[in-house]
Amino acid sequence: MKYKYAHPEFFESVPRPDFELLSGNLVIYGAGFQGLLAAYLLEQQGVKVLCFGDQDEKKQGTIYYNLPVYSPEEMKKRYPQAIPIVTPYNLRPAFEYVKNKLGYENAVTPFSLFLEFDSLGFDELPEIPDWYHPDSLPYHIDMFFRKCLNLHLNVSFFSLDVCVTEVCNLRCKNCTSLMPSYSKPRHFELTNVFQDINTVLNKRFFHHLIIEGGEAFLWKPLPELLDLLCSRQEIMEIIVITNGTILPDAHLIKALQHPKVTVQLSDYGKLSRKKELLSIFCSNHIKHWLFMQKWYELTAFHRKKLTEPKLRHVTTGCCKLGGNGDPYLMDGKLYRCPIQGNLHRLGIFESDDSDYVNLRQSDKDKMQREIEEFINVKKTVHITKLCHHCNGRGYTGVEVPPAQQLAPGERIQVRFE
């Protein structure tokens with residue numbers, strides 16, 4: 001697959017490292033997906049990398065893409081003058097850690113490697129994670145580019161997850177949005193959803209906006225919302241997430257054909273109708289990718305607060321909080337993540353007022369200041385009340401089979417230990 005970032009002009013003013021000149025004096029911080037791609041592309045150019053560094057103790061002491069993986073401290077000890085390429089998805093906290101804690105003042109990112117490349121051969125690497133599918137490569141790199149933009153430029157490129165419905169046709173045991181816990185799930189009104197999005201937009205530039213549920217394909221006003229959003233110049237891309245079990249009607253197909261729209265087709269195993277959906281998307285020229293996600297046991301929560309080192313580790317590694325992840329908009333409020341938002345709405349764990357933004361308050365100026373502080377990616381991660389009790393919305397928990405369904409009458413067991 002040949003990949004080309006849609007907006008290379010954003011990086012015209014950003015200095016590009018001469019990796020060929022630095023060959024033999026490069027290390028990669030982050031033995032993950034972006035780190036693997038960076039190592040692969042550098043090798044294709046004949047550029048030598050010395051090692052990987054990673055905070056994950058399970059990776060330390062192993063070999064990854066024929067390179068040793070060291071702890072960050074060991075990497076610094078062995079190669080104090082090397083140039084580190086920082087690759088974790090949670091880019092900002094990782095970059096600041098490498099520069100400020102490890103003392104690598106010359107740290108760089110791999111953005112120039114990723115602007116345009118041919119991934120031929122990459123998909124066959126034995127190190128490729130199980131969740132990866134070739135169709136999803138543009139998505140993962142596009143999302144990483146937003147992190148690079150926010151790190152390198154003075155302009156903030158925001159993103160936003162929008163929940164349009166609590167209704168879902170499935171009852172997944174490990175749903176991180178806790179949708180099966182709603183005894184009377186409901187669809188949200190189009191007028192309210194669009195007004196809430198407009199409130200957050202407010203002349204801000206958005207790299208992408210994600211529409212999800214519940215199951216977004218069950219929400220009848222979805223075509224109309226897409227038409228409204230696609231006309232907005234401040235939104236670069238709109239991503240619609242579906243569990244891959246509902247076929248779109250003609251009205252929705254037409255809306256999904258807009259060049260700004262991409263469908264994320266999540267693979268829900270045997271429940272999926274991905275063959276039919278892929279056929280529909282291809283024949284109707286709808287941009288899409290197949291998301292081969294792993295499933296993990298729903299996180300446990302602790303009655304006692306986490307220690308500071310554990311809290312720092314959890315929030316840095318959390319896929320939502322690390323690097324200021326995408327805020328979660330649901331029924332008039334901005335939350336840090338779906339777990340926090342839905343636990344609050346369900347009355348299971350109420351968040352403090354400072355942990356979310358009420359988008360329907362009367363003082364509009366005050367609300368806009370709160371939104372700006374809440375979503376500004378250049379500020380320090382805000383630790384919510386729930387964060388002190390949570391293992392993190394990450395990918396290091398107990399792996400479980402995809403889309404396990406609850407028995408009739410069974411509810412998700414939210415565990416406080």
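The model is predicted: local features need pLDDT of at least 70, side-chain atom pairs count only at pLDDT 80 or more, and totals for chains, interfaces and linings use all residues. Residues are numbered from 1 along each chain as its sequence is written, and side-chain values use heavy atoms, with hydrogens and water left out.

Overall dimensions first. The C-alpha trace spans about 60 × 55 × 45 Å along its principal axes. For 417 residues, a compact globule would have a radius of gyration near 22 Å, and the chain agrees with that at 21 Å. That radius is taken over C-alpha atoms, and the globule rule is 2.2 Å times the number of residues to the power 0.38. Of the 417 residues, 55% are buried; buried means under 20% relative accessible area, exposed over 50%, partly exposed in between, with a 1.4 Å probe and protein chains only.

Now contacts, meaning heavy atoms within 4.5 Å. Taking those between residues at least 6 apart in sequence, 76% join residues at least 24 apart.

On secondary structure, the chain has twelve helices and 17 strands. These are DSSP runs numbered from the N terminus: helices are H or I with at least four residues, strands E with at least two.

Two strands pair if DSSP finds at least two bridges between them. Strand β2, residues 26-29, runs parallel to β6 and is joined to it by four bridges. Within that pair, Ile28 stands opposite Ile85. Axes are lines fitted to C-alpha atoms, for helices over the stretch in contact, and angles run from 0 to 180 degrees between N-to-C directions.

Next, a helix pair. Helices α1 (residues 33-44) and α5 (residues 137-152) pack at about 100°, axes 11 Å apart. Phe33, Gln34 and Leu37 of α1 meet Leu137, His140, Ile141 and Phe144 of α5.

Last, the tyrosine. Tyr104 lies in the loop between α3 and α4 (111-114). Is Tyr104 buried or exposed? Tyr104 has a relative accessible area of 1%, so it counts as buried. Leaving out residues up to four places away in sequence, Tyr104 touches several residues, including Met75, Tyr79, Pro84 and Val98. Lys76 is 28 residues from Tyr104 in sequence, yet 8.2 Å away in space, C-alpha to C-alpha.
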